[in-house]
Amino acid sequence: MKNIKLTPKKKKQLNMYVRLAIQILFFLLFPSTFTSAFNGVKYIFTQIGLGSSVALNSFLAVLIALCVYTIVFGRFFCGYACAFGTMGDLLHKLYLFICKKMKKKPFKLNDKLSKVLSYLKYVVLLFIVIMYFLAYSSYLQGKSPWDVFSMIVSFNFRFDGYTVGIITLAVIMVGMFFIKRFFCRFLCPMGAVFSLLPSLPFTAVTRKRENCIKGCKACKNICPANIDIPERGKWSVSGECFQCGECISVCPKQNTGVSEKVRGNEIWYVLLRAVILLVVLYFIGV
């Protein structure tokens with residue numbers, strides 16, 4: 001396929017518009033995918049805790065499908081298709097817009113603190129798993145922020161008993177407003193699941209360090225997960241990478257990218273993964 005040759009600025013704009021269009025599409029068509037997948041996790045540990053067999057149901061089908069997809073294509077779902085992540089991106093863009101208008105420097109979390117906080121999502125996952133394993137799920141009723149979010153996007157405003165969930169969602173939204181991908185990086189239990197999965201090497205974003213401009217940190221500064229892009233040829237795939245492609249589009253020397261077969265055709269690769277995910281979610285009936 002013929003490469004799309006664009007200036008770095010136009011490439012960045014095109015990547016932004018394509019990603020925004022895909023995010024809006026998935027937000028409108030599949031807003032409950034995140035909740036369905038995590039219900040699959042909760043179902044597994046509830047059944048194990050009860051000593052019952054785990055049978056395939058709709059929630060488990062969504063979880064399996066997304067896990068297999070993530071192993072093959074990396075955390076593309078997180079970067080492009082998760083309604084919660086999309087909401088966070090839009091909130092943070094609003095914050096950046098306000099900062100630009102007010103000519104103020106956006107808040108940036110300390111790198112060391114970010115790394116420490118990134119482990120919180122595993123604590124959240126472990127806590128929820130233990131609660132369901134011990135059959136204490138009733139104590140979590142009304143406290144789930146993603147359940148409240150799912151109710152909102154489905155225009156179900158019956159919030160009786162969800163006071164804690166509403167407050168938690170409000171706190172998360174404030175965090176996402178000020179910190180890019182706040183929930184995804186620090187609190188998301190499904191993000192914890194996905195980050196633990198192996199990913200095939202061709203999904204890794206790499207660079208040739210010798211071609212980088214000395215002192216340039218454009219890719220790391222724009223990365224929502226604050227990842228240091230690995231050297232080309234090492235093919236190490238970080239479980240924290242959201243596959244958003246921002247590091248690729250921002251590189252002044254167009255030095256970052258995925259495999260050689262994809263490099264230069266990143267937009268087509270994004271569209272291909274989006275179409276495959278659309279088909280997968282459609283056929284499993286999300």
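Which helix is Ile 48 found in? Ile 48 is found in helix α2. The views below come from a predicted model.

**View 1. Ile 48 on helix α2.**
Ile 48 has a relative accessible area of 43%. Buried residues fall under 20% and exposed ones over 50%, so Ile 48 counts as partly exposed. Helix α2 spans residues 33–50.

**View 2. Ile 130 on helix α7.**
Helix α7 runs over residues 120–133, and Ile 130 sits within this stretch. The relative accessibility of Ile 130 is 38%, so this residue is partly exposed. Now look along the chain to Ile 276, 146 residues away from Ile 130. The C-alpha atoms of these two residues are 34 Å apart.

**View 3. A nonpolar patch on the surface.**
Ile 48 and Ile 130 meet again here, as members of one patch. Which helix gives the most to the patch? Helix α7 does, with three residues.

**View 4. The largest pocket.**
Rolling a probe the size of a water molecule over the atoms shows where empty space is left. The largest pocket has a volume of about 1200 Å³. Its lining is made of 33 residues. Closest to the centre are His 92, Leu 96, Lys 180, Ile 222 and Glu 246. Several helices each supply at least two lining residues, namely α1 (8–29), α5 (83–102), α6 (111–117), α12 (218–222) and α13 (246–250). Helix α1 gives the most to this lining, with eight residues. Sort the lining by class and you find 13 nonpolar, eight polar and twelve charged residues.

**View 5. The second largest pocket.**
This pocket holds about 460 Å³ of space. It is lined by 21 residues, and those closest to its centre are Ile 128, Lys 143, Ser 144, Pro 145 and Trp 146. Helices α2, α7, α8 (145–153) and α9 (163–178) each supply at least two residues of the lining. Which helix provides the largest share of this lining? Helix α7 provides four residues, the largest share. Helix α7 also gives the most to the nonpolar patch of View 3. By class, the lining of the second largest pocket has 13 nonpolar residues, five polar ones and three charged ones.

How values were computed: Residues are numbered from 1 along each chain as its sequence is written. This is a predicted model: local features need pLDDT of at least 70, side-chain atom pairs count only at pLDDT 80 or more; totals for chains, interfaces and linings use all residues. Side-chain values use heavy atoms; hydrogens and water are left out. Buried means under 20% relative accessible area, exposed over 50%, partly exposed in between (1.4 Å probe, protein chains only). On a 1 Å grid over the protein atoms alone, a cavity is a set of points where a 1.4 Å probe fits but cannot get out, and a pocket is an open set with protein on both sides within 12 Å along at least five of seven lines; lining residues have an atom within 4 Å of a point. Grid points are joined across faces, edges and corners, and a volume is the space filled by probe spheres set on the points. Ala, Val, Leu, Ile, Met, Phe, Trp, Tyr, Cys and Pro count as nonpolar, Asp, Glu, Lys and Arg as charged, and the others, Gly among them, as polar. Patches are made of residues with over 30% relative accessible area and no salt bridge: like charges are joined within 9 Å, nonpolar side chains (Val, Leu, Ile, Met, Phe, Trp, Tyr) within 5 Å. Accessible areas come from the Shrake-Rupley method with a 1.4 Å probe; for residues, only the protein chains shown count as cover. A salt bridge is a side-chain nitrogen of Lys or Arg within 4 Å of a carboxyl oxygen of Asp or Glu.
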